[in-house]
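Please look over the model below before reading on. My notes follow as numbered points.

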Amino acid sequence: MVKTAEYLAQSPGSPINEACGNWASTQAAYRLFNNAKASAAGILKPHWEATAARMAGCGGAVLVMQDTVFFSYGRHVRTRGLGPIGKSNAAHDRGLIMHNALAFTTSGVPLGIVSQSIWARGEIPEEDYQEKIERLQVTAIEEKESAKWLIALKETVERAPAGVPVVTVADRESDFFEFLTRAQDLQAHYLIRARTDRKLVPEDSAGCTRMLEALSDAPAWGSMTIEVPGNGSRKARTAAIEVRTAEVTIQPPPRRGAAQTSGSSEPVTVTLIGATESSPPAGVEPISWVLLTNLIVKDFASATEKVRWYGRRWGIEIWHKVLKSGCKVEDCLLEEALRLKRYLTLFSIIGVRLMHVTYLARAHPDRPATEVFSEEEVEALHIRVTRALPPAGPAPTLRDMVRMLGRLGGHLGRKGDGEPGVTVLWRGWTSLYETVETLRAHKHVLSPRDSS
């Protein structure tokens, strides 16, 4: 497994046979992914243990981002064991679902995966919208796909090191009542975005009956700015955000059947944080977040801190992009869902390392590069970029290494270009390992002569 991971990490965007380089190594990789003893949980275990150690050593609160990503394999018609990933059972719309809990520092440096589940969804029932709603209303939470949030929350609590403040951060899909009550039972902190304008207990919510009413009645603490990253349909920009808070008590939703007996019927007290963009650019949808948290929010500073923490949630989406665009995991032709699960687990770990290097260099640019890179990698990168061995003396800094890696990937490094991004570093990383292999071969040839 370790050897296969090394080969794939050296050439993450290549097919297995190309990354492994020879037939014997390729066969070994195929045997690994086809081996029933190599479970996804077993592959992940050493990684989440190392992640817990990094969490313990980061010296502050840890944000654990939960999110779901869908991998499409519908065009690989021979692949068995897939399930629908859209709204139909169509053959082209099939693949696997992965739900992750990924730990970050509060400055946005990824630390690793805390929890991961990969599965194929069952066939979609033939029913209209109302029939679907009625079916879900009587289904216990443990039997719904939403249970993924509770599993990841439980594993986060179990695997987090003692004494480290951990906050689960998630988007609107996590906003269901059982998540709030399960977090309360586990004494787990959360910061999630509201999906609906929930009903309140008026006598415990300053007379308000709905969440939006409570926020509109609350005075504004002040304004702050946040950086909104760009994506395929949105340009990066700086947004001015007005912040309000209110403490409220949420009523439990009505339930029937098995859902009624499986969930708590007690109200839950939370703090609402409203974050609304005051003057968005023309034609741009304004940011409007309603966040739910059980953290203490006592003043403007603590409210803005929580808003910035939620803004870090984009990090897990960047990681998903690394897996899809950088690693090209959807191109894999292993033809069996169980094999793909092992493959995706291994690549998830590979993807974390690149992101860790990228964001650690931004947060701590002056740290020695040897904290992350091996001496062999430092030497190879220096030779590739400068055509010379590294100078004697202290090791280069992380910023130096990442900028050189960016140059390999096509980053021009001009004054207005900023620091290299994940995609360009991924290209540089792949190119670097060609030099690492050449350097190893060269040293191997020279070593007999040196020993004589």
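**Notes on salt bridges and a helix contact**

1. D67 counts as buried, at 7% relative accessibility. Buried means under 20% relative accessible area, exposed over 50%, and partly exposed in between (1.4 Å probe, protein chains only). R313 is buried as well, at 8%.

2. This is a predicted model: local features need pLDDT of at least 70, side-chain atom pairs count only at pLDDT 80 or more, and totals for chains, interfaces and linings use all residues. Residues are numbered from 1 along each chain as its sequence is written, and side-chain values use heavy atoms, with hydrogens and water left out.

3. R313 and D67 form a salt bridge (3.7 Å, N to O). The term means a side-chain nitrogen of Lys or Arg within 4 Å of a carboxyl oxygen of Asp or Glu. R313 sits in the loop between α10 (300-311) and α11 (314-326), D67 in strand β1 (residues 62-72), 246 residues apart. Helices (H or I, at least four residues) and strands (E, at least two) are DSSP runs, numbered from the N terminus.

4. R353 and E377 also pair in a salt bridge (3.4 Å, N to O). The partners lie in helix α12 (residues 337-363) and helix α13 (residues 375-386), 24 residues apart. R353 is partly exposed at 31%, whereas E377 is buried at 6%.

5. Shared partners join D67, D171, R313 and E317 into one salt-bridge network. The whole structure has 21 salt bridges.
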